[in-house]
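Here is a short report on one protein chain. Keep the sequence and the structure open while you read.

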Amino acid sequence: MSQPIKITSRIRLRDLDPNHCGGLDKDETREKTRKLCERIGELQHLLYANASHAVIILLQGMDGSGKDSTGARVLEFVTPAGVQSANFKAPSSEELAHDFLWRIHKAVPRYGCIGLFNRSHYEDVLIVRVLKLQPEKIWRARFEQINAFEKLLADNRVVLLKFFLHISKEEQAERLRERLENPTKHWKFSVADLKMRERWGDFQKAYEDAINRCSSKHAPWHVVPANRKWFRDYVVARTIVERLEQLKLKWPKAKEDLRGITIK
């Protein structure tokens, strides 16, 4: 049984299986993912050479969903000079002195580059909502503000690829236990993660509303089943390749006449 990845109509997260893998074989899919990641590297060279578009890979998900590892995997073959990464944690005092989109717009990559967003402006309708950091009338108005912002990006040739890495509560528990039991992963463990875990249902509702309210034609959400890491990486890599190829970029011509030039 298939289930939607690209969201084009209203969804309920509880209807989407985090274990879904489309019946694919793990080893074969991993090989396909490697080839897709190599292709991303090739397409990034085209993107950089043309400098006519920018791309944002936006990763959201509960703690332990694999935002860091997904970004590292899909950009494995990309030239570092062509990547601008941003990790949106709790806003600083300077950021709080501006509108909530100020720090996001500053991080939008320049033309020719890929931007990797670990969390994003959606935190302002997710954790802000769940922890009641702002009144409802404030965070609820942000849905339309986000839609307007993303339309502005699209109109200015910024391709926004939004991925929600969908894991189950049971899988999150397993990954948090692994961090606790493995000394090399202790640095990734935070007691605060357990506090957020207690609000699992509230976060699922907040994510569901954000996906339904802000999945547009120019910036659709992709809900990626993320319990199986190999399938998660395949879906994200495949989506990036498909979208970059849709740009139909060609190698730009030389700025000067190269005929007759010899290298001695």
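Values in between mean partly exposed. The model is predicted, and the values below are computed from it.

Take I40, which sits in helix α1. Its relative accessibility is 0%, so I40 counts as buried. Which residues does I40 touch, leaving aside neighbours within four places in sequence? They are V74, L75, V78, A237, I240 and V241. D17 is another matter: I40 and D17 are 23 residues apart in sequence, and their C-alpha atoms are 27 Å apart in space.

Is R34 buried, partly exposed or exposed? R34 has a relative accessible area of 29%, so it is partly exposed. That value falls between the 20% and 50% cut-offs.

R34 belongs to a network of salt bridges with E31 and E38. An α-helix has 3.6 residues a turn, so residues three or four places apart point the same way. Not counting residues up to four places away in sequence, R34 touches R73 and F77. V83 is 49 residues from R34 in sequence, and the two C-alpha atoms are 19 Å apart.

## The chain as a whole

The chain has 10 helices and five strands. Of its 264 residues, 49% count as buried. The C-alpha atoms fill a box of roughly 70 × 45 × 40 Å along the principal axes. How does the radius of gyration compare with that of a compact globule? A compact globule of 264 residues would have a radius near 18 Å; the chain has 20 Å, which agrees.

The accessible surface comes to about 14600 Å². Carbon and sulfur atoms account for 51% of that surface.

## Helix α10 and what covers it

α10 has 18 residues. At 1.5 Å a residue they should span 26 Å, and the end C-alpha atoms are 26 Å apart, which agrees.

Just after α10, K248 takes a positive phi of about 55 degrees.

The whole structure holds 22 salt bridges. One of them joins R142 and D124, with the closest N and O atoms 3.2 Å apart. This pair links distant parts of the chain: R142 is in helix α6 (residues 136-155), while D124 is in the loop between β3 (114-118) and α5 (127-130). The two are 18 residues apart. Both R142 and D124 are buried.

D209 and R129 form another salt bridge, with a closest N to O distance of 2.9 Å. D209 lies in helix α9 (residues 200-213) and R129 in helix α5, 80 residues apart. D209 has a relative accessible area of 11%, so it is buried. R129 has a relative accessibility of 15% and therefore counts as buried.

R179 and D193 also meet through their side chains, at 3.7 Å from N to O.

## A nonpolar patch on the surface

Which residues form a nonpolar patch on the surface? L258, I261 and I263 do, with about 370 Å² of accessible area together. I263 lies in the segment after α10 (229-246). At 79% relative accessibility, I263 is over the 50% cut-off and so counts as exposed. I40, at 0%, counts as buried.

Terms used:
Residues numbered from 1 in each chain as written. Heavy atoms only, no water. Patch = residues over 30% accessible without salt bridge, like charges linked within 9 Å, V, L, I, M, F, W, Y side chains within 5 Å. Areas by Shrake-Rupley, 256 points an atom, 1.4 Å probe, with all protein chains shown as cover. Salt bridge = Lys/Arg side-chain N within 4 Å of Asp/Glu carboxyl O. Helix = DSSP H or I, 4+ residues; strand = E, 2+ residues; numbered from the N terminus. Buried < 20%, exposed > 50% of the residue type's maximum accessible area, 1.4 Å probe, protein only. Rg over C-alpha atoms; globule rule 2.2 N^0.38 Å. Expected span 1.5 Å × (residues − 1). Contact = heavy atoms within 4.5 Å.
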